[in-house]
There are 2 protein chains.
Amino acid sequence: MADATLRDVAQAAGCSVATVSRVMVGNRPVGAETARRVRAAAERLGYRPNQVARALRSRSTGTVGLVLPQIINPFFPSLVRELEHALHANGRALLLADCDDNPDTEAARINALLARQVDALVVIPVDEQRSRAAVAAAAAQLPLLVLDRSCGHSVADSVAVDNATGMALVLDHLAQTGRRRLCFLGAAGADSAAVERRAAYEAGAAALDPQAPGRVELGDFSAEWGAAAVDRVWPAQPDALVCANDLIAVGALQRLRQLGVRVPDEVAVTGFDDTDIATVSEPALTTIRQPVAGLAAEAARLLELRLAQKDAPEPRRTVRLVPDLVVRASSAAGTADPAGPARAERVIGGPDRPAPADLLPAPPSL
Amino acid sequence: MADATLRDVAQAAGCSVATVSRVMVGNRPVGAETARRVRAAAERLGYRPNQVARALRSRSTGTVGLVLPQIINPFFPSLVRELEHALHANGRALLLADCDDNPDTEAARINALLARQVDALVVIPVDEQRSRAAVAAAAAQLPLLVLDRSCGHSVADSVAVDNATGMALVLDHLAQTGRRRLCFLGAAGADSAAVERRAAYEAGAAALDPQAPGRVELGDFSAEWGAAAVDRVWPAQPDALVCANDLIAVGALQRLRQLGVRVPDEVAVTGFDDTDIATVSEPALTTIRQPVAGLAAEAARLLELRLAQKDAPEPRRTVRLVPDLVVRASSAAGTADPAGPARAERVIGGPDRPAPADLLPAPPSL
DNA sequence: CTGAAAGCGCTAACAT
DNA sequence: ATGTTAGCGCTTTCAG
């Protein structure tokens, strides 16, 4: 049998459809007794408001689109999870689009979501430059938030981790534990995570060793590249390998093991992201823990803010969350005790951080 | 400015809205010259069909809901990716719902998606028993496919990996490489993956060693449990640890390393799923590779089939895909060469499998 | 506080 | 091949 409609409920409750609608939405005065009768009838008929009809009439689908580069990047699932929960808590649903790391696919997905009348869009851009046009065009049409990576300034609201501070935490830690000959194993990608992490390394490592900023190898965010990169930097006799993410670091650890190099005794290795593999690798990986829940919460908060006061020409907002350093065996100062607890770790917070409410308005566009 | 509507395009092209609609949908005869004019006008106005209005009228949203237990389970993201691509290829969009491994949340998410008028639902059930009611109720309303796990027979179409064959491949491999004292480190979960893998172990291991089916430890699908389980089975002096998934296996490897046990010389360890961590663990993990792309493709195919012939009371269909065994260092027969290539692996296919088109109708319900 | 009525943007009969 | 028209199910004025 077909689903019950508002009319069916109205008929059963002996009132008009308008009254039923008012009861269901609940934001308008309705007589207590009438409301009771309506709710009873709705319950009895198993009535469920048709969100599509509601959306057409009220011009709001209660739907948010999430466009991301690659769901299989091990860092994204937890972000998706937190975002999904935050949105559902507000009665919204999440339309997911995976771009396969391709800016053209990304543009197509964004358009498809616009056609579906999403109320807002969260985009994790594929490419700092090549994502910009499509993202900016969409941002002109609806509330849009750029998450985790950026794609040019002032395109839209933005929430991301503070990559510079994260890298600085790594460099401080390595300096304090006596490392002096650093190398950076990074990614050549044009996304902002790759760019910012490299820039932060180059800026911070110079203080430790004038040669360090020059010891940079760029490939991609994969374990294969991490292994290959070790062979390229090893002749420089580094005592620390600073990797742009956990995958690269784990690949490096594998190659070092094959070469018979002891970690952390001969060389320290650090990652970035604190994905699952950081705890299961051997040795466990010192890395930067992304404030995933915080990122999602901030994103949801900013989104709701925009959705609430739709027309107000608020300035763009930028939120940067400071990550923590998690020290594990791969960078321990002394000799690791192989019989000790494998999961030993120490969390070191970033510098005093602004409360989430402190928002930095971005410079005006153009 | 507001989006252009059909009417705007009709006005600009000098024809009726019906004609424009026909051009946009493209399934009805329209004069070539008229069509050209319409398309030009649409292009000029930046017209994008409003999918919500279209959905309300045509009673089809072009949207599929995916309900899964936990997106952070490392096996799911690749499944989500494949499914998203398959659906988008058919012009559909994916509404994602994460249940936090909770059957009540699962029921709520399913209802929310029904209210949003999804055309179909793909569910990866949280619990073999406790998911059944909500899933069955939804299946009565629209095309529904149960993916990767089951939740009772004949509830809906189903696509999953053949866990029994996967486990048999593992046991054969261990038998052929001379292992005789097997243990199973599994999960006590009520989902079908946990249940089937354990059952297959107990059924197959008896042939190797009458005591083996008794050596079963059940916890959850985590590395922590894998490590803890090692301590419980080690006194039995096993020469192979058969784990119910990769996480458990990696946890076991960690603990064995702490105990100074050499893998694979003293004991072999196997996983299940072939997630990323199987290749980055030390030693690399022998495991069962899930046919992820195949699962997603079959799911999409069955879904389209149901959507095409909506009312036909077709019998329930069940598809089981046979996985492959991937042999890596954790179960190598001889001594692993530490300087050898870390990624050495050998893929062993399952037994002759039926072509995907061979569908087994499930027994009639009740 | 409640009802009547007008659409939201589109598709699908039914005309022509 | 094209136009006219009646809604899809709901929310929201506008009257009462």
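Reader: What makes B:Arg22 and a base oxygen of DNA strand D a polar contact?
Author: This is a predicted model. In it, a polar side-chain atom of B:Arg22 is placed 2.4 Å from a base oxygen of DNA strand D. The cut-off for a pair of N or O atoms is 3.5 Å, so the pair counts as a polar contact.

Reader: Which elements give two or more residues to the surface near DNA strand D?
Author: In chain A they are helix H2 (17-25) and helix H4 (51-58), and in chain B helix H2 (17-25) and helix H4 (51-58). H2(A) gives the most, with 4 residues.

Reader: How do the residues of that surface divide by type?
Author: There are 11 nonpolar, 7 polar and 6 charged residues.

Reader: How do you know where in chain A the predictor's confidence is below 50?
Author: The mean pLDDT of chain A is 89, and 91% of its residues reach 70 or more. Over residues 334-342 of chain A, however, the pLDDT is below 50, and this stretch has 11 contacts in the model beyond near neighbours in sequence. Residues 353-366 of chain A also stay under 50, with 21 contacts beyond four places in sequence. Where pLDDT is low, predicted coordinates should not be read in detail.

How values were computed: Residues numbered from 1 in each chain as written. Chains lettered and ligands numbered in written order. Predicted model: local features only at pLDDT ≥ 70, side-chain atom pairs only at ≥ 80, totals over all residues. Heavy atoms only, no water. Polar contact = N/O pair within 3.5 Å; in protein donor to acceptor, adjacent residues only side chain to side chain. Nonpolar A, V, L, I, M, F, W, Y, C, P; charged D, E, K, R; others polar. pLDDT = per-residue confidence, 0-100. Contact = heavy atoms within 4.5 Å.
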